Amino acid sequence: MVDGIRLILESNPDVQILWKYRLSINIVDFDWQALVAPLEATQRVKVMQWLPVDPSALMETGYIVAHVTHGGAGGFHESIS
């Protein structure tokens with residue numbers, strides 16, 4: 001995902017990315033912050049464990065061009081609505 005986001009940023013200078021990601025398992029020797037810090041340093045990527053607004057409200061703004069989900073029913077229905 002990090003490499004994909006990096007490619008998107010490089011090829012689309014006007015794109016900003018909001019990434020809701022919650023690391024739910026303990027992985028030994030996994031430094032999550034070090035991995036995403038270079039993305040957040042661009043000030044075009046914001047990584048949050050939880051969104052302070054309803055995701056469907058974000059989708060209704062008209063500014064969302066892509067919604068990537070893990071495939072659960074909630075994210076799927078938000079995307080197609």
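**Ground rules.** I am working with a predicted model, where local features need pLDDT of at least 70, side-chain atom pairs count only at pLDDT 80 or more, and totals for chains, interfaces and linings use all residues. Residues are numbered from 1 along each chain as its sequence is written, and side-chain values use heavy atoms, with hydrogens and water left out.

**Fold.** I looked up the elements and found four helices and two strands. Helices here are DSSP runs of H or I with at least four residues, strands are runs of E with at least two, and both are numbered from the N terminus. From that end, the order is α-β-α-β-α-α. The C-alpha atoms fill a box of roughly 40 × 30 × 20 Å along the principal axes.

**Core.** I checked burial next: 16% of the 81 residues count as buried. Buried means under 20% relative accessible area, exposed over 50%, and partly exposed in between, with a 1.4 Å probe and protein chains only. The largest nonpolar core has ten residues, among them Leu9, Trp19, Val36 and Val47. Such a core is a set of buried Ala, Val, Leu, Ile, Met, Phe, Trp, Tyr and Cys residues joined through side-chain atoms within 4.5 Å. Helix 1 (2-11), strand 1 (17-20), helix 2 and strand 2 each supply at least two of its residues.

**Threonine 42.** I found threonine 42 in the loop between helix 2 (32-41) and strand 2 (45-48). Threonine 42 counts as partly exposed because its relative accessibility is 37%. Leucine 9 is 33 residues away from threonine 42 in sequence, and their C-alpha atoms are 9.0 Å apart.
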